[in-house]
Amino acid sequence: MIAVKKYFWAGWLVTSTLAAAPVDYLRDVKPILTRHCVLCHGAEDPEAGFRADTAQSLREGGDSGISPVALTPGQESVLIQVVRGEHEEIRRMPFKKPPLDDAQIAILQAWVAAGAPAPAAEEPGKYIHWAFVPPGRVAPPAVKRADWPRNSIDHFILARLEQEQITPSPEANPSALLRRVSLDLTGLPPTGAEIDAFRQDRSPGAYERAVERLLASPHFGERWARPWLDAARYADSNGYSIDAPRQIWKYRDWVVAALNRDLPFDQFVIEQLAGDMLPTPTIDQKVATGFNRNTQLNGEGGIDTEQFRVESVLDRTNTFGTAFLGLTVGCAQCHDHKFDPIKQREYYQLSAFFNNSVDDGHGKATPGGLLEFPDERPTAESRERDLAEMRAELTRYLDGRGMAVMKWVQALAAEERAKLKPELRETIDVTWDQKTFAQKRAAYGAYKSDDPEFRSRDKELAQLERGEAKPPSTLVMAELPAPRDSFLFINGDFTRHGDKVAPATPAILPPLKAEKPNRLDLARWVVDPANPLTARVAINRIWQQYFGRGLVETENDFGSQGSLPTHPELLDWLATELIAQHWSMKALHRMIVLSATYRQSSLARPDLELSDPTNKLLARQSRLRLDAEIVRDVALTASGLLAGKLGGPPVFPPQPDGVMTLGQIRREWRASTGEDRYRRGLYTHLWRATPHPAFAVFDAPDGYSACTRRLRSNTPLQALTLLNDQQFVEFAAALAHRVQKEAPGELPAQIDFAFRLCLSREPQPTERQRLVELFQQQFSAAKGDATARREEAWLTVARVFLNLDETITRE
Amino acid sequence: MNPYPLTPAERLSQITRRHFLSRCTMGLGGIALASMDKRGAAAAAGPLANPLSPKPPMFAPRAKNIIYLFMCGGPSQLELFDYKPRLVDLNGQPIPESYIAGKRFAFMDTSHGTKLLGTRRKFAQYGQSGAWVSELFPYTAKIVDDITIVNSCAATLFNHAPAKLFMNTGSGQFGRPAMGSWINYGLGSECQDLPGFVVLQSGPRGPRGGAVNWGSGFLPTTYQGVPFRGGAEPILDLATPTGITAERQRQTIDAIRDLNVQHAVETGDDEINTRISAYEMASRMQTSAPELTDLTHESEATLKLYGVERETPSFGRNCLLARRLVERGVRFVQLYHTSWDSHGGPGENLQGDFEKTCREVDQAQAALIQDLKARGLLKDTLVVWGGEFGRTPMGESRDTTGRNHHVDAFTMWFAGGGVKAGAVLGKTDELGFNPIEDRFHVHDIHATMLHLLGMDHTKLTFRFQGRDFRLTDVHGEVLTKLLA
């Protein structure tokens with residue numbers, strides 16, 4: 001037992017040192033010392049006369065004369081003993097603070113073992129966190145197995161594996177590879193014809209041709225828009241407690257189109273942050289600024305609107321930090337950032353860039369904040385929805401005032417009564433609860449015709465009722481003619497103004513060279529190649545979609561509390577490559593999916609279980625459960641129901657009754673009909689307060705704040721959704737139907753056909769046999785004629801297919 | 001003729017083990033064998049290897065479960081528990097400026113009143129503890145010796161949605177986990193047939209803010225609250241699709257399991273084992289959840305105690321369901337009842353409207369305590385009662401009387417699971433405006449709840465965006481006076 005334990009310990013140590021590249025003093029060691037030791041062991045009055053602010057002072061030791069990093073055979077160094085709490089005389093360090101974690105101790109240990117190397121002429125206690133140093137570009141390293149790499153990525157990955165004497169995995173089989181790359185690039189599994197074409201294409205470059213086809217597909221933009229929209233906290237409602245619907249889907253469509261035409265990433269960022277401020281901006285460039293309008297709007301009564309306007313400004317600041325810089329700038333809202341070099345003052349200087357837009361906190365129409373498309377006609381269905389929504393809104397408004405109306409009615413003098421329109425007079429005494437909507441509306445109109453809120457709602461509704469449809473619109477950014485004053489908020493409290501601040505970027509990053517900089521200057525600054533973070537953060541987010549984890553695991557924190565890159569040189573190489581490729585995202589996608597690293601099999605390997613259990617070194621691919629929307633898209637594709645239409649207003653696929661009653665306001669969910677019932681998950685109307693349960697259950701974000709990585713939970717509620725949800729049963733029925741129609745013949749051949757539709761592969765004999773058994777079992781238990789029994793048996797088999805772990809997994 | 005004599009989990013574990021054994025014998029040596037042992041152990045854990053399996057607390061707990069009775073809208077403590085005769089004397093007088101200088105209130109731009117409003121309700125002292133309770137809570141008055149009333153509770157935010165979020169998550173920002181999520185994250189669930197965090201709702205509408213109040217925020221969604229709905233299908237998609245028999249459903253799940261097992265063997269991916277377990281639990285939930293909500297076997301006496309009928313949805317029925325949930329080991333049950341938002345306008349005055357809401361909860365909440373006690377469940381179950389804030393000592397000048405939102409002092413009560421029985425804690429000033437003793441802020445309430453469950457609130461953390469988050473943020477003190 002003890003022996004086993006020791007093995008674990010040894011194995012574990014190997015693993016933890018494996019996680020990062022060989023230890024580098026400035027990058028790896030100094031941050032630990034600075035954060036955990038230098039407060040007491042710094043230049044001023046160091047405890048025990050011992051300083052830890054440079055490697056040299058550490059080597060020298062303190063009053064005791066013993067060097068903490070000296071190596072004695074058969075014994076750990078004093079430094080390691082002390083941080084582990086194993087020293088006989090010295091208390092565990094950091095004193096009265098939480099102990100260092102195992103990975104940190106392993107870094108120190110590796111550094112000490114290497115003889116505590118460090119550059120000469122070191123500045124005491126100061127270090128620059130790696131992410132703030134501009135990416136360097138080293139040549140892809142040489143490798144022993146020269147036939148393995150397919151491109152530069154593989155050199156970096158393989159060099160590291162060879163260093164640890166780990167062999168990469170073989171290439172995934174062609175079926176698995178085609179399904180993987182199709183799901184990764186378009187979010188859709190390959191069709192039967194695509195599978196056949198790929199298998200029959202024996203000439204060199206078959207895979208490359210498939211990749212080009214997928215990159216050119218309009219579905220590429222649909223698939224890759226989703227993670228970007230997560231970061232942009234996109235939703236189709238206003239959030240907070242009222243959560244009224246909003247129109248901003250034109251922004252979603254802009255993202256899809258921009259990705260499809262491979263708009264260079266720098267331009268992609270500039271247009272979203274400040275498209276409205278470009279010289280003579282196009283409509284499209286204005287639509288792009290919806291990025292910053294995905295903030296919540298609070299329609300609750302009695303609120304302080306300034307509070308919620310400020311919330312929007314701070315949310316934009318935090319989202320800016322998370323989405324582009326990969327920094328938790330929000331930590332500096334109340335105080336100087338505890339770990340990263342961002343002062344509270346700098347936070348408010350950054351937020352000042354976003355403090356001049358026209359929108360308020362209440363969601364009232366603001367001039368310039370809404371872009372209308374008068375030439376576009378909404379569909380009859382969306383007009384119906386608008387009508388229903390507006391009536392419900394007005395009803396809520398009137399019901400809150402019903403008692404006052406009835407009081408007024410009771411007090412009406414006979415001559416006043418006589419002046420009312422006859423149809424109103426006849427019903428005016430009906431109790432409020434008994435009144436129809438039209439009667440309530442008429443009664444209120446007579447009682448208080450000068451109420452501006454009522455008049456505007458009434459007029460808008462009347463227009464809609466007359467058939468004057470509201471044109472589609474989208475929320476955009478627009479600047480006030482004169483900038484607002486911006487202040488630091490003491491403890492983050494917007495009622496407590498500190499110093500006045502002007503727009504500026506954090507000092508740790510390259511300076512923004514502009515007089516009186518504005519939002520456009522900020523946008524240009526963030527994509528300036530000199531910015532050390534933007535390209536790294538962007539490429540890391542793309543990488544994590546393909547491998548389940550970024551090269552920097554903490555994709556939203558490149559600061560000092562974040563994790564170190566597993567392959568720092570590769571991260572930097574890719575970041576510089578993105579810039580060298582004129583910020584073409586498709587070029588990077590292409591390079592990743594063509595790499596040998598990407599093409600590896602995802603099968604677990606017993607040897608890696610111990611040497612690299614979390615697969616940080618990428619000696620294999622990973623099995624990744626599909627994103628919520630793609631779980632739907634795969635079922636739609638397999639069943640043949642998918643409507644391929646791109647873009648447009650959000651749609652309302654069926655969902656279980658009662659979901660909409662969970663919010664404060666009970667809203668209606670009228671299921672779409674026709675092709676809108678079978679659109680891709682991307683187009684489902686996203687209510688922040690009551691998201692569609694089939695998406696929420698698979699970890700789709702709710703649009704409240706920037707989400708840069710989704711969790712991949714695995715729960716019984718997901719099982720209930722796939723087993724019992726009305727839509728999934730509908731998909732299964734369609735799949736059953738399709739198989740019988742398109743693959744008439746023997747049962748085993750039909751099962752093979754269904755395997756191709758759902759899993760893009762042939763079954764193993766045992767798999768086929770199990771389903772044949774199931775079919776026969778169901779067929780003999782069913783009632784009715786042979787056709788009916790076959791239908792019923794196939795429905796069960798189809799449900800099994802849509803519930804398989806493999807169906808909802810990218811292998 | 002059963003080809004599989006073992007349970008699915010055992011079979012899976014055997015197959016997985018055998019498979020890895022065969023791989024590992026291909027010359028991988030001792031270390032690999034150690035690895036295989038680990039792997040075998042994980043597979044053998046089978047259905048238990050899920051994030052909701054019970055985890056030991058940090059120290060000996062006083063309570064195992066929590067039933068949280070959330071009174072949405074902010075009930076007026078001045079009409080219910082915090083008796084202020086002086087306020088009655090000063091009725092109609094302006095509030096001294098010293099009380100309100102620098103304070104912000106909701107609706108401050110409209111009709112926020114500054115004149116004091118004495119309660120019109122009759123108060124009396126009850127039980128051994130001599131606790132003051134108003135005439136509006138006759139049933140609750142009878143259980144005062146089983147509960148501790150705290151009159152000095154305090155919150156931070158004064159609009160409903162953010163305040164409710166604050167009471168649930170310790171923050172007014174969206175995206176933080178609710179306390180029920182934190183607790184399941186910390187302790188897992190004793191019940192493998194039902195979710196560990198269940199939400200029940202009653203009253204005219206849903207609570208403000210809706211589902212974010214029981215969201216898991218940055219914690220895995222496994223820990224989020226599952227709202228049970230009234231009626232036969234308490235969980236979304238719980239019922240087997242129309243036209244499909246239970247047997248056919250079972251056969252479907254069996255086939256899914258067999259194919260998943262085979263694929264787990266081929267890929268060696270543990271995640272598939274978790275999915276197999278998830279399907280087994282889903283299948284158990286299909287039986288256990290309808291069984292839970294079926295009150296056929298509850299006696300007439302029990303129904304009478306709660307004042308409910310078997311089928312009609314109500315707060316009382318939810319209280320009875322809450323007892324049934326903790327009986328089955330569900331860790332955190334939260335009941336929401338709307339609405340206590342007594343501003344004084346139509347439908348929200350302190351006259352008839354308030355009386356009606358009081359009647360809706362009084363009998364059932366008292367019955368819950370009595371029933372839990374009679375069944376020996378109260379000692380392990382902490383019951384918490386309260387809103388997101390209280391009401392001002394000033395009255396609002398609308399058609400009928402009402403009070404504005406007040407975060408500085410309000411009343412909550414606690415019972416069971418390690419809490420004193422029959423005590424009144426915390427004093428407020430003579431107007432009931434500020435606590436003058438034992439201020440018990442939301443963060444302190446959270447700290448105390450976690451403490452009763454055997455967890456140190458400073459140590460229950462989750463790393464997100466580079467920071468270790470806690471339910472209590474950087475605040476919170478355990479209110480030791482509350483502990484038995």
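One caution first. The model is predicted.

Let's start with chain A. Its secondary structure comes to 34 helices and six strands. How far does the C-alpha trace span along its principal axes? About 105 × 80 × 55 Å. Now the radius of gyration. For 811 residues, a compact globule would come out near 28 Å; chain A has 31 Å, so the value agrees with that expectation.

Next, the domains of chain A. There are domain 1 at 2-127, domain 2 at 225-369 + 483-564, domain 3 at 377-470 and domain 4 at 726-810. Note that domain 2 is written as two segments, 225-369 and 483-564. Domain 3, at 377-470, falls between those two segments in the numbering. Take the centres of domain 2 and domain 4 of chain A over C-alpha atoms. They are separated by 48 Å.

Now to helix packing. Two packed helices are described by the angle between their axes and the distance between the axes. I'll take two pairs. Helix 34 of chain A is in both.

Pair one sits within chain A. Helix 31 covers residues 726-742. Its axis and that of helix 34 of chain A come within 8 Å, crossing at roughly 120°. The crossing of helix 31 past helix 34 is right-handed. Which residues make the contact? From helix 31 of chain A, they include A:Phe728, A:Phe731, A:Leu735 and A:Val739. From helix 34 of chain A, they include A:Trp794, A:Leu795, A:Phe801 and A:Leu802.

Pair two joins the chains. Here helix 34 of chain A, residues 786-803, meets helix 8 of chain B, residues 246-267. The axes come within 9 Å and cross at roughly 45°. That angle is why helix 34 of chain A counts as oblique to helix 8 of chain B. This crossing, too, is right-handed. On the chain A side, the contact has A:Thr796, A:Arg799, A:Val800 and A:Asn803. On the chain B side, it has B:Arg248, B:Thr252, B:Ala255, B:Ile256 and B:Leu259. Keep an eye on A:Arg799. It is listed in the contact with helix 31 of chain A. It is also listed in the contact with helix 8 of chain B.

On to chain B. Domain 1 takes 65-230 + 313-482, and domain 2 takes 240-298. How many Å separate their centres? The figure is 37 Å, over C-alpha atoms. Domain 1 of chain B gives eight residues to the contact, and domain 2 of chain B gives nine. On the domain 1 side, four are nonpolar, one is polar and three are charged.

First, a cis peptide bond. It runs from A:Met93 to A:Pro94, with omega near -5°. A:Pro94 lies in the loop between helix 4 (78-84) and helix 5 (102-113) of chain A.

Another cis bond is in chain B. It links B:Thr338 to B:Ser339, again with omega near -5°. Where is B:Ser339? In the loop between strand 7 (332-337) and helix 12 (352-374) of chain B.

Finally, A:Gln165. It is not a glycine, yet its phi is positive, about 55°. A:Gln165 is in the loop between helix 6 (152-163) and helix 7 (174-186) of chain A.

Terms used
Residues numbered from 1 in each chain as written. Chains lettered and ligands numbered in written order. Predicted model: local features only at pLDDT ≥ 70, side-chain atom pairs only at ≥ 80, totals over all residues. Axes fitted to C-alpha atoms, helices over the stretch in contact; angles between N-to-C directions. Helix = DSSP H or I, 4+ residues; strand = E, 2+ residues; numbered from the N terminus. Parallel < 35°, antiparallel > 145°, perpendicular 65-115°, else oblique. Left-handed = near helix turned anticlockwise from the far one by under 90°. Contact = placed C-beta atoms within 7 Å. Domains from an automatic or database assignment. Nonpolar A, V, L, I, M, F, W, Y, C, P; charged D, E, K, R; others polar. Rg over C-alpha atoms; globule rule 2.2 N^0.38 Å.
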